[in-house]
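Please look through the structure below slowly, one chain at a time, before reading on. The paragraphs after it are meant to be read with the structure open beside them.

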Amino acid sequence: MGEAILAGAVLTIGMFSVIGLITFSYRTTGDTQDLIIASELAQEGVELVRNVRDNNLVYREKNKAGACASSTAGLCDPFNGFDSGGNIRCSIDYDGPFDCANPNPALQLTGGFYQHTGTTGRYYRVIKTISSGLGIDTRYRVQSFVTWQDPGNNLNPAWCTTFNKCVYTELFLTAWK
Amino acid sequence: MMLSSHNRKASLSARQGFTLIEVVAALAVFTIIMMAVIQIFGTGFKAYRQTRELQRTLESAQFATNIMAKELRTSSIVGSFSDGVSTRVAFFDYSQNRCIGYNLNAAGNGGLLKYAHGFALSSPDLNFAACSAYAVANAWTAADRVGFLVSRGITGSSISIVRSTPIASAGSIVGKVTFSITFGWTSRPATLQTTVSLRDFNYVGL
């Protein structure tokens, strides 16, 4: 009787181990998948902001003999539309404007692309910009955070770790190309 | 020495085996347990294979995304191929002096195919205009094929192209390319997406 119980216990432990390993493997693959997708979306965030800056530079260059001859503000500012404080959350779509007034962090797959179309989603992206310097020396630090859980108000470099299901990237943009 | 009748009976009783019913019951229990074990291991192995396949596709898709992004960043966009299929993009990469094309949904097998048109390196026509002329006028052929960046597993793809236009033109802009690649299990598909802001400032006139 004792031998039968022992054999049963060994068999049960063995089977539960296998099931546990399968579950762990499945979950790890899912986490890796989220991490890679989030990394690409974070990189996309800074690229989209760079594109806004580059197009502002193009506008200034195209109008340097006209509207931008005596003005460096508004549309003639390479950082037109940027938030200078660093505390405001901004969002940007691949085909939309840089929105710091009514940002929407949630990303949903719409028409084959991740877009800020809904209020919930698997991924959330927030962009923050912080300025320093003046005139031609003005530069912006652009930070793009992506999480795969609702971020609340936690998005900052100290909080944004893979432990918290978050990745971020940053770049510096100057007032010249 | 002779054993007494009582001792002989006791010895025989101690050597008695299992009854037929006991053996059948034990076999039945053993069979049921083994079938369960085989079922669990089979399911586990299938899940392992699927996970490994997904992991490989994920790594390939990330590799392809990064290669494409790196090449697009230093390029001017021609547009789609001559056939106008929307999941294809042709461009001239200044950093490599190459006319490159990508087919994000290669016919039938869910692969991502890369082409590079074979201009001679010494050719004086090796520029964006020549690349545009070639891509617009010709279907990319097997001779142009570099190979598959992802050989299978892609279930969907999308590209959004905004071409750069020179400052002298109306509506001058710096272009960007957004592309997404979908792969993975039917029950839980995954989409990898990124955007590249073009750096073809010389073409734009910045």
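What follows leads from one chain as a whole to the contact between the chains, and then to single residues.

The model is predicted, so to speak of local features a pLDDT of at least 70 is needed, side-chain atom pairs count only at pLDDT 80 or more, and totals for chains, interfaces and linings use all residues. Residues are numbered from 1 along each chain as its sequence is written, chains are lettered from A and ligands numbered from 1 in the order in which they are written, and side-chain values use heavy atoms, with hydrogens and water left out.

Begin with chain B, which has four helices and eight strands; here helices (H or I, at least four residues) and strands (E, at least two) are DSSP runs, numbered from the N terminus. Along the sequence these elements come in the pattern α-α-β-β-β-β-α-β-β-β-β-α. Chain B has 206 residues, and 41% of them count as buried, where buried means under 20% relative accessible area, exposed means over 50%, and partly exposed lies in between (1.4 Å probe, protein chains only). Chain B exposes about 11,100 Å², of which carbon and sulfur atoms supply 61%; such areas come from the Shrake-Rupley method with a 1.4 Å probe, and for residues only the protein chains shown count as cover. A contact means heavy atoms within 4.5 Å, and among the contacts in chain B between residues at least 6 apart in sequence, 55% join residues at least 24 apart.

Now turn to the place where the two chains meet. The size of an interface is often given as the accessible area lost when the parts come together. Buried area in this sense is the accessible area (1.4 Å probe) that two parts lose on being put together, summed over both, and chain B and chain A bury about 3,600 Å² between them, 60% of it on carbon and sulfur atoms. Arg188(B), Gln193(B) and Leu206(B) supply 18% of the area that chain B buries against chain A, more than any other three residues. The contact takes 45 residues from chain B and 36 residues from chain A.

Between chain B and chain A there are 15 residue pairs in polar contact, both residues being at pLDDT 80 or more; a polar contact is a pair of N or O atoms within 3.5 Å, where within protein one must be able to donate a hydrogen and the other to accept it, and residues adjacent in sequence count only if both atoms are side-chain atoms. Helix 2 of chain B gives 14 residues, the largest share of the side of chain B that touches chain A.

Which kind of pairing might one look for between charged groups? Side chains of opposite charge can pair when their charged atoms come close. One salt bridge joins the side chains of Arg73(B) and Glu47(A), at 3.6 Å from N to O. Arg73(B) lies in helix 2 of chain B and is partly exposed, with a relative accessible area of 23%. Beyond its neighbours within four places in sequence, Arg73(B) is in contact with residues including Gln43(A), Glu47(A) and Arg199(B), and a network of salt bridges links Glu47(A), Arg73(B) and Arg199(B).

Other salt bridges lie within one chain. In chain A, the side chains of Arg122(A) and Asp34(A) meet at 2.7 Å, N to O. This pair links distant parts of the chain, 88 residues apart, with Arg122(A) in the loop between strand 4 and strand 5 (123-132) and Asp34(A) in helix 1 (residues 2-62). Arg122(A) is partly exposed at 45% relative accessible area, whereas Asp34(A) is buried at 2%. In chain B, Glu53(B) forms a salt bridge with Arg152(B), their closest N and O atoms being 3.1 Å apart. Glu53(B) is in helix 2 and Arg152(B) in the loop between strand 5 (145-150) and strand 6, 99 residues apart.

Finally, consider a residue away from these pairs: is Gln115(A) buried or exposed? Gln115(A) is found in strand 4 (residues 113-115) of chain A, and Gln115(A) counts as buried because its relative accessible area is 12%.

Note on methods:
A salt bridge is a side-chain nitrogen of Lys or Arg within 4 Å of a carboxyl oxygen of Asp or Glu.
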